[in-house]
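Please keep the sequence and the coordinates at hand while reading.

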Amino acid sequence: GFMKRMIMFFVAVVCVASFWQAFSPAQASAADYWMYGTADGTSYWADSNQAWVVRGGGYRGLLKIVENNQCVNRTMWHFTEDEGYLSAWDLSSNQPPIAIYAYPNHVGNDPVEDRPELVAFYQWLTQNAQRRSSWN
């Protein structure tokens, strides 16, 4: 009857949608992982295809900022640990690295910026970054 046709139609739609998602180039080329969200609805996403362990130390990865379901910023960050500080460097800017976390054994009194999205991204990178030997 009618219900059986509706159920079969729904199953067909789900199958087509799953197939499309599995083989769509946009889906296959990048898998974004949620890192952090703010009260105003801004969210931060890591691109798993742009996440590397850097030879010589540190991690590098692409962080996307999404507002109103639109990607408004894509920034490549480089993270290092030195003298008890975790620092993040926006590779697209001419600004020096910023300290985003001070471990209990840190040396000195460098200012530490409150950037929870970057701390979360760094923690994700330490677990998910790919080793890449073609660059330092």
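A residue is called buried under 20% relative accessible area, exposed over 50%, and partly exposed in between, with a 1.4 Å probe and protein chains only. The model is predicted: local features need pLDDT of at least 70, side-chain atom pairs count only at pLDDT 80 or more, and totals for chains, interfaces and linings use all residues. Residues are numbered from 1 along each chain as its sequence is written, and side-chain values use heavy atoms, with hydrogens and water left out.

The protein holds three helices and seven strands; these are DSSP runs numbered from the N terminus, helices being H or I with at least four residues and strands E with at least two. Their order from the N terminus is α-α-β-β-β-β-β-β-α-β. Of the 136 residues, 32% count as buried. With contact meaning heavy atoms within 4.5 Å, residues 24 or more positions apart account for 31% of the contacts with a separation of 6 or more.

Helix α3 spans residues 116–128. Its 13 residues reach 18 Å from first C-alpha to last, close to the 18 Å expected at 1.5 Å a residue, where the expected span is 1.5 Å times one less than the number of residues. The buried residues of α3 are Glu117, Leu118, Val119, Ala120, Phe121, Tyr122, Trp124 and Leu125, and they pack against β1, β2, β3, β4, β5 and β6.

Of its 21 residues, Phe79, Ile100, Leu118, Phe121 and Leu125 touch the most other members. At least two residues of this core come from each of β2, β3, β4, β5, β6 and α3, and α3 gives the largest share, six residues. In soluble globular proteins, nonpolar side chains tend to be buried together.

Neighbours within four places in sequence aside, Leu125 is in contact with Ala51, Tyr59, Arg60, Gly61 and Phe79. Tyr59 lies in strand β3 and counts as buried because its relative accessible area is 19%. Tyr59 and Phe79 are 20 residues apart in sequence, yet their C-alpha atoms are 5.1 Å apart in space.

Charged pairs come next. A salt bridge is a side-chain nitrogen of Lys or Arg within 4 Å of a carboxyl oxygen of Asp or Glu, and by this rule there are three. Lys64 and Asp32 form one at 3.2 Å, N to O; this pair links strand β3 with strand β1 across 32 residues. Lys64 also pairs with Asp47, the closest N and O atoms being 3.8 Å apart, which joins β3 to β2 over 17 residues.

The remaining salt bridge joins Arg115 and Glu117, with the closest N and O atoms 2.6 Å apart. Arg115 is partly exposed, since its relative accessible area is 24%, while Glu117 is buried at 8%.

Definitions and conventions. A nonpolar core is a set of buried Ala, Val, Leu, Ile, Met, Phe, Trp, Tyr and Cys residues joined through side-chain atoms within 4.5 Å.
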